[in-house]
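This report is written for a reader meeting the structure for the first time.

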Amino acid sequence: MLKSKTFLKKTRAGGVMKIVREHYLRDDIGCGAAGCTACGGAHEGPALEPQPQDPASSLCPQPHYLLPDTNVLLHQIDVLEDPAIRNVIVLQTVLQEVRNRSAPVYKRIRDVTNNQEKHFYTFTNEHHRETYVEQEQGENANDRNDRAIRVAAKWYNEHLKKMSADNQLQVIFITNDRKNKEKAVEEGIPAFTCEEYVKSLTANPELIDRLACLSEEGNEIESGKIIFSEHLPLSKLQQGIKSGTYLQGTFRASRENYLEATVWIHGDNEENKEIILQGLKHLNRAVHEDIVAVELLPKSQWVAPSSVVLHDEGQNEDDVEKEEEREQMLKTAVSEKMLKPTGRVVGIIKRNWRPYCGMLSKSDIKESRRHLFTPADKRIPRIRIETRQASTLEGRRIIVAIDGWPRNSRYPNGHFVKNLGDVGEKETETEVLLLEHDVPHQPFSQAVLSFLPKMPWSITEKDMKNREDLRHLCICSVDPPGCTDIDDALHCRELENGNLEVGVHIADVSHFIRPGNALDQESARRGTTVYLCEKRIDMVPELLSSNLCSLKCDVDRLAFSCIWEMNHSAEILKTKFTKSVINSKASLTYAEAQLRIDSANMRDDITTSLRGLNKLAKILKKKRIEKGALTLSSPEVRFHMDSETHDPIDLQTKELRETNSMVEEFMLLANISVAKKIHEEFSEHALLRKHPAPPPSNYEILVKAAKSRNLEIKTDTAKSLAESLDRAESPTFPYLNTLLRILATRCMMQAVYFCSGMDNDFHHYGLASPIYTHFTSPIRRYADVIVHRLLAVAIGADCTYPELTDKHKLADICKNLNYRHKMAQYAQRASVAFHTQLFFKSKGIVSEEAYILFVRKNAIVVLIPKYGLEGTVFFEEKDKPNPRLIYDDEIPSLKIEDTVFHVFDKVKVKIMLDSSNLQHQKIRMSLVEPQIPGISIPPDNISNMNLNGPEKKKMKFEK
Amino acid sequence: MAGLELLSDQGYRVDGRRAGELRKIQARMGVFAQADGSAYIEQGNTKALAVVYGPHEIRGSRARALPDRALVNCQYSSATFSTGERKRRPHGDRKSCEMGLQLRQTFEAAILTQLHPRSQIDIYVQVLQADGGTYAACVNAATLAVLDAGIPMRDFVCACSAGFVDGTALADLSHVEEAAGGPQLALALLPASGQIALLEMDARLHEDHLERVLEAAAQAARDVHTLLDLVVRQHVREASILLGD
């Protein structure tokens, strides 16, 4: 069965190196068409349908298969993913080229190929005896590949004819390359361009919108003038990077100013970590998250990051001159030391485009098919798309993909992908924020669900192996109200020797999620449960999260217990870990638990247990703070939802009770104990969590702000920071301390998961613990599941598996978890912001007291303690004369006319919902007190405010 | 840039083989007249030459002689031109010493050494071209050479390498696959009895996967045996025709 032909391939790598590789050609590769007798049974997996029932194409009415070339696959993947397109042959040559050129497209193609319904077949043409072609003298690799594709297409057509004489089955070659198409037609292969084919699908006109619009090379320069300088080719960039003339980094657009961006330089050298880019031309068509090469400008052209907030509002292409004006505006005089390294983009090393959510800004011209699309993410430029359904898409959230950005175009070109729904509707908005934050939120697949235990479930003899029966203990759980995924429970009892036994019992999720199966893979991918205001995106299916794993009261549940023997001064004498079965006696809320502790006449087991825990927790907390743990603050709010409409009806900052801190204290203790244990057992591959100390420069804002209030904040160690924060009280201003703590929180670094074998700094700065991990919430965090598995192996309760002891795999998991956690946080914040908007929409306009958190060049950022809401008050508006602003970076203060604003000043602001921009409905705040003529609004004539923004906009168009 | 895809979704390896398939094997026995036994083997692009002398009297120090069995002396070398880069490979470097030792262990297990006490058997192997699986090629060549020399053995010794990529065991790794850095296992098998003459692996592989990789290597070694058996039979037939029997 093996036809072997050995041949030589020569490549150059550095010096001259002769590489000899074997290349076997086979005769057992099937064509993939079901029922093909010539290559009977040789195809496995998804195959092509014998009689494709394709949507009628006016160009080729007979049944046919499609055979796209590389560029079609790369650029028109959105079309190919449409359910209307089926029976496609993907050649190995094409797939390899795609793989080398774009990893995301490659992944999507693989997903499509694995979908049985789509009938995509991968044909291994490079190893097929009849379709293999050798590179000819003078032929370059691209031409060879094109030829290989044509040969395969031709072979297919002949092969299918052989299959049965009367069969009209055809293979249609799809290419956008004109020369390639001509050659194909010459050779007798039916060939069309992608556009021709899609347009001929009369039954599916909506597909046309999904076509990527690729301007052909010919007419690229013709129309309009060239705005951008050319990107250098990759080879030149690599040369430049090697020699040091260019720097490689990740492009990060500024959220606040569309003409500004920073580039984070990859590499080890400390200096020039960050480079500023300013102005459209210097940004040179880079899009957020692209990997770019930048060239540093001479020092004379260096600029400082502007504190101006600027949004792109241009409607058409002609306002390039206006842009220049604006760019000038950024370059205000600044002191020498403020200048930062400045550069310009010379080329793109790798695009990191993804489909973007946003809205259509319909063109002013009614008949126009070209419209601008405004992404929800402000860091993404607007995208020009071509669509015929503009009127139906207006006012809806849609997804658009970028196709390219020609040099003569102010905006990138893209195409429509998907319609999500009406703007402002809760489901649509939730979908948008989940998509924008890359939160996997599809329902669990059948494959995943198949690994769930069968109901009714009960604990069997087998489950009891290696497990301790702790059902007799008086265990209870304390959680926020309405919590259904209870993953921790506690107990405390006095032992005969007078010591206390304290147990933390965590849901044994790793008992249900076995390593490597689909359920495990899906949870690993999701990484964390995402809590939105009205919705929870589970990491594990509901059966586990709210039932079998949830440590509800009065049912037997499997748990992983961490049991300490402590003396009355909370010193740990003994630590024991065991898998167990528990039966929780009560599931309490924080408030209920607090009531029990406080009411003197309650003497039952649960209450004494709680009191014991509470007493110990206080001692533990004191010890922890002595060691230098930080108590930080961030305003958190909770919405009271209407039970039927799920609209927020009230907003309230979260209350903290003693019991909150009691539970927290024991969770920290359990996490630290487990971290020590797993690190002891697996020094190379324990999954831990660290919190690096922030660089001193991070504290600048905090120190400066405190100084303005004559307070001193020491930041050399965590302990001195904690102490100076405690000392920073002002008798006349009780809220100051909270504000300082909020600011301190902003200075912190992000805590991250890591694998112990890949790092040597384990310290957790915020908790002042030398080692830390996450063990206590396996229902909602995947990290905890891994930690459970490690601990189970460490105590001999479970067996190990390959991936668990592979530190590179573990590092990959950590990377994903860190990403998912960050995204989940952002999604939560976005959800809160959206609900705050809904709340203020119903509430109308309110005036509230606020404190200044930051001072910017043309705005102040304020915090409203009552709602835990943060907002920006702008002092420059489009239609008003600009007030006199003097900004001082040293003190941070902003002088407007004659009033000076410092950080922490108390102001009064008016809050209202600004819906002038449908896409970004936002909370707008304006100053009420102190009164500045022409800037602040008098508190009484609120009703006269011009709230209907859309009208304003219309007026602008008429001009 | 994406790295090399060692195993495609369709189940083909870089050179077009499926996971369990061997490279093309060609072999010849009796390539040199002066030696007692010799053989040449090609496994894909890996080419090895083996020469056997003995059993004969102990050369050099008599003290090395073993009272109850024959001494097996193996020497491995590889040609300067065996890899893409031309490189002088002096005798007695660490790699060839180790390989010599492994070959010796392998053949001490297979040759009936107790039939020739106080004598010596020399096996010299040279790799002419290396493209992965050099140990396996050496063992297979040496087996044929020992057979050619007429030295009694328990059984053929057939060797093959196996690797592990994305949950699949690959048999008979080529150089590209070896260089990708996954775990690699070398196995020398006595196919009739299924006994293992040598098993060697110096990478980390989880216990759970070992059995599968081992089975892949063993199956490949059995396939090698079928081929070598054909070669031997062919050689004997030719020899008998020449002898005029």
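In this predicted model, strand β4(B), helix α1(B) and strand β5(B) together make a β-α-β unit that is left-handed, with the helix covering residues 94–110 of chain B. Within that unit, β4(B), which spans residues 71–78, pairs with β5(B) in the parallel sense over 8 bridges, and one position in this pairing is Cys74(B), whose bridge partner in β5(B) is Ile123(B). Strand β5(B), made up of residues 119–129, is also joined by 9 bridges to strand β3(B), residues 46–57, and these two strands run antiparallel. Here Leu49(B) has Gln126(B) of β5(B) as its bridge partner.

| Strand paired with β5(B) | Sense | Bridges |
|---|---|---|
| β3(B), residues 46–57 | antiparallel | 9 bridges |
| β4(B), residues 71–78 | parallel | 8 bridges |

Turning to the interface, 27 residues of chain B are in contact with 26 residues of chain A. The size of an interface is often given as the accessible area lost when the parts come together. For chain B and chain A, the area buried between them is about 2,300 Å², of which 44% lies on carbon and sulfur atoms.

Between chain B and chain A there are 11 residue pairs in polar contact, counting those with both residues at pLDDT 80 or more. On the side of chain B that touches chain A, the residues divide into 12 charged, 8 polar and 7 nonpolar. The two chains are also linked by 2 salt bridges, including one in which the side chains of Arg26(A) and Glu21(B) meet at 2.8 Å, N to O.

How values were computed. Residues are numbered from 1 along each chain as its sequence is written. Chains are lettered from A and ligands numbered from 1 in the order in which they are written. This is a predicted model: local features need pLDDT of at least 70, side-chain atom pairs count only at pLDDT 80 or more; totals for chains, interfaces and linings use all residues. Side-chain values use heavy atoms; hydrogens and water are left out. Contact means heavy atoms within 4.5 Å. Buried area is the accessible area (1.4 Å probe) that two parts lose on being put together, summed over both. A salt bridge is a side-chain nitrogen of Lys or Arg within 4 Å of a carboxyl oxygen of Asp or Glu. A polar contact is a pair of N or O atoms within 3.5 Å; within protein, one must be able to donate a hydrogen and the other to accept it, and residues adjacent in sequence count only if both atoms are side-chain atoms. Ala, Val, Leu, Ile, Met, Phe, Trp, Tyr, Cys and Pro count as nonpolar, Asp, Glu, Lys and Arg as charged, and the others, Gly among them, as polar. Two strands pair if DSSP finds at least two bridges between them. Helices (H or I, at least four residues) and strands (E, at least two) are DSSP runs, numbered from the N terminus. A crossover is right-handed if, with the strands pointing away from the viewer, the path from the first strand over the helix to the second runs clockwise.
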